[in-house]
Amino acid sequence: MPDRRISFRAPPGTRDLLPPESWEWQALSRLAIDSFERAGYAPVETPAFEHTEVFARGVGEGSEVVHKQMYTFSDQGGRSLTLRPEGTAAVMRMVLEHSLQRGPLPLKLCYSSAMFRQERPQKGRYRAFFQVGIEAIGSLEPSIDAEVIELGHRFLLNAETEPRLLLNSIGHPSESCRGGYLDKLRSFLRAHSSDLAEPDRQRAETNPLRSFDSKEPSTIAALEDAPLITSHLCDACRDHFQRVQDLLTDLELDFELEPRLVRGLDFYTRTAFEWVSSNLGSQSALCGGGRYDGLSQALGGPELGGIGFACGVERLLLARTGPSAPSLVGVYIVALSDEARREALMLASSLRSAGVGCDLDHSRRGLKGQMKDAVRSGATWAVILGDEELRERRAGLKNLRTQEQEQVPWHQLEKRLAP
Ligand code: AMP
């Protein structure tokens with residue numbers, strides 16, 4: 001026997017999901033995947049780790065995620081592998097491996113997966129967390145941008161997270177569009193270098209667009225008069241952006257134009273969006289997304305436009321204001337003798353077969369203890385079986401919300417309790 005117990009504490013920045021929070025978490029993931037599937041998005045799952053270069057190239061060497069946050073390790077074959085820090089690059093790698101782009105387009109895919117980033121932990125920011133998201137790959141039409149945004153918005157509303165939608169376009173990399181704009185932004189940042197917070201100075205050179213992501217008050221102040229991308233879009237990108245806005249207006253979806261909202265990598269193009277919630281404090285981002293028309297090529301694939309978003313499930317849990325998810329246990333069977341316990345197990349089995357969520361005691365508790373458990377289970381009904389009920393082939397049926405109780409013959413129970 002080892003003489004010391006291992007630490008029971010999960011590693012920093014990670015957390016266990018326990019009831020009741022884990023019920024909420026499951027309900028949210030289900031709600032997400034269900035809403036996405038109803039719009040034609042098929043669920044996919046990629047491995048929890050990929051060859052490191054999938055993320056190095058697919059998220060971008062210049063990004064914070066690749067630079068500082070990846071969990072990278074070598075396997076026994078000497079390959080460099082990385083735990084998935086985000087979903088889009090992995091999904092695109094999957095599309096290219098299976099040549100899904102040769103089939104009907106757009107490909108509409110969704111996922112609910114664990115992500116891993118070595119970030120400084122704080123409330124709403126973890127090193128292992130979950131994202132639900134969608135990717136629509138293979139269409140350049142503004143209508144798919146509008147569909148993706150509308151789906152995200154409706155999901156966040158249904159999840160009762162009070163989302164505010166921020167919208168921008170970041171154009172595309174050519175000189176006539178974002179390329180020319182970046183030259184202007186770089187000059188501006190150089191001229192104001194001494195006003196930028198120390199950590200932002202380097203970034204201003206390597207990834208100037210990302211300066212707008214800074215949380216440093218001095219950088220935010222220095223950027224007040226910075227040139228903005230929306231005044232420098234080429235005609236085609238401006239037209240695309242206008243059409244997306246018109247479609248969102250048709251859909252009666254409120255959005256705020258936010259010209260400082262950026263995705264700082266070359267293969268991100270045109271539409272960029274984010275939902276924020278004032279319920280979240282400093283980590284206010286609920287969900288972020290954008291168009292990534294250059295991603296497939298960055299991974300060595302063909303030209304293939306795409307757009308998607310990812311929502312952090314832990315953030316959704318923190319932002320939620322609605323009532324908690326209803327329990328899937330609708331009925332709790334209270335059994336008061338050995339014989340009743342045998343019957344209870346059979347009754348539970350037949351109720352479950354009929355689709356009725358059902359739980360029962362396995363600890364020989366008395367009536368009071370079992371009734372307490374029934375309430376704790378979240379059930380609406382308690383079915384009470386004692387010797388007398390068994391003899392007369394009936395059961396006590398108690399509504400745990402109204403406290404009303406009646407006697408019901410066994411053969412009617414299933415019909416009474418069926419959903
Ligand atoms: P990103 O992939 O960085 O665009 O993030 C998309 C969404 O994932 C964010 O809006 C957050 O809701 C969530 N998210 C990102 N990083 C974390 C993290 N470290 N912990 C928890 N949620 C996160």
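An oxygen atom of the ligand is placed 3.0 Å from an N or O atom in the side chain of Gln131, a polar contact in the sense of a pair of N or O atoms within 3.5 Å (within protein, one must be able to donate a hydrogen and the other to accept it, and residues adjacent in sequence count only if both atoms are side-chain atoms). The protein buries 86% of the 480 Å² that the ligand exposes when taken alone; accessible areas come from the Shrake-Rupley method with a 1.4 Å probe, and for residues only the protein chains shown count as cover. The model is predicted: local features need pLDDT of at least 70 and side-chain atom pairs count only at pLDDT 80 or more, while totals for chains, interfaces and linings use all residues. Residues are numbered from 1 along each chain as its sequence is written, and side-chain values use heavy atoms, with hydrogens and water left out.

**Ligand site**

- The ligand has 15 residues around it, of which Arg117, Glu119, Tyr126, Gln131 and Leu286 come nearest; a residue is near a molecule or strand if one of its heavy atoms lies within 4 Å of it.
- Arg117 places a polar side-chain atom 2.9 Å from an oxygen atom of the ligand.
- Tyr126 contributes through its backbone, with a polar atom 2.8 Å from a nitrogen atom of the ligand.
- At least two residues of the shell come from each of β6 (128-137), β10 (285-291) and β11 (306-312); helices (H or I, at least four residues) and strands (E, at least two) are DSSP runs, numbered from the N terminus.
- With 4 residues, β10 gives the most to this shell.
- The shell comprises 6 nonpolar, 4 polar and 5 charged residues, where Ala, Val, Leu, Ile, Met, Phe, Trp, Tyr, Cys and Pro count as nonpolar, Asp, Glu, Lys and Arg as charged, and the others, Gly among them, as polar.

- An open sheet of 5 strands has the order β13-β12-β14-β15-β16, with mixed pairing; two strands pair if DSSP finds at least two bridges between them.
- At the edges are β13 (358-360) and β16 (405-409), each of which pairs on one side only.
- Neighbouring strands of this sheet are turned by 30° against each other on average, direction ignored; axes are lines fitted to C-alpha atoms, for helices over the stretch in contact, and angles run from 0 to 180 degrees between N-to-C directions.
- Helix α15 (residues 410-417) packs on the sheet and touches β12 (331-335), β14 (381-385), β15 and β16, its direction making about 115° with that of β16; contact means heavy atoms within 4.5 Å.
- Strand β15 (residues 394-399) pairs with β16 in the antiparallel sense over 5 bridges.
- Within this pairing, Lys398 stands opposite Gln405, and Ala395 stands opposite Val408.
- A turn of 5 residues lies between β15 and β16 in their hairpin, and there Gln403 has a positive phi of about 70°.

**Three-stranded sheet**

- Antiparallel pairing joins 3 strands into an open sheet in the order β2-β4-β3.
- The edge strands β2 (49-51) and β3 (72-74) each pair on one side only.
- From one strand to the next, the twist averages 35°.
- β3 and strand β4 (residues 80-83) run antiparallel and are joined by 3 bridges, with Phe73 opposite Leu81.

**Backbone geometry**

- Pro19 and Pro20 are linked by a cis peptide bond with omega near 5°; Pro20 belongs to the segment before α1 (21-38).
- The peptide bond between Leu105 and Pro106 is also cis, with omega about 0°, and Pro106 is found in the loop between α4 (88-97) and β5 (107-116).
- Glu160, although not a glycine, has a positive phi of about 55°; Glu160 sits in the loop between α5 (142-158) and β7 (164-169).

**Surroundings of Glu343**

- Glu343 is part of helix α12 (residues 338-353).
- Leaving aside neighbours within four places in sequence, Glu343 is in contact with Leu385, Leu390 and Trp410.
- The C-alpha atoms of Glu343 and Leu107 are separated by 51 Å, and the two residues are 236 residues apart along the chain.
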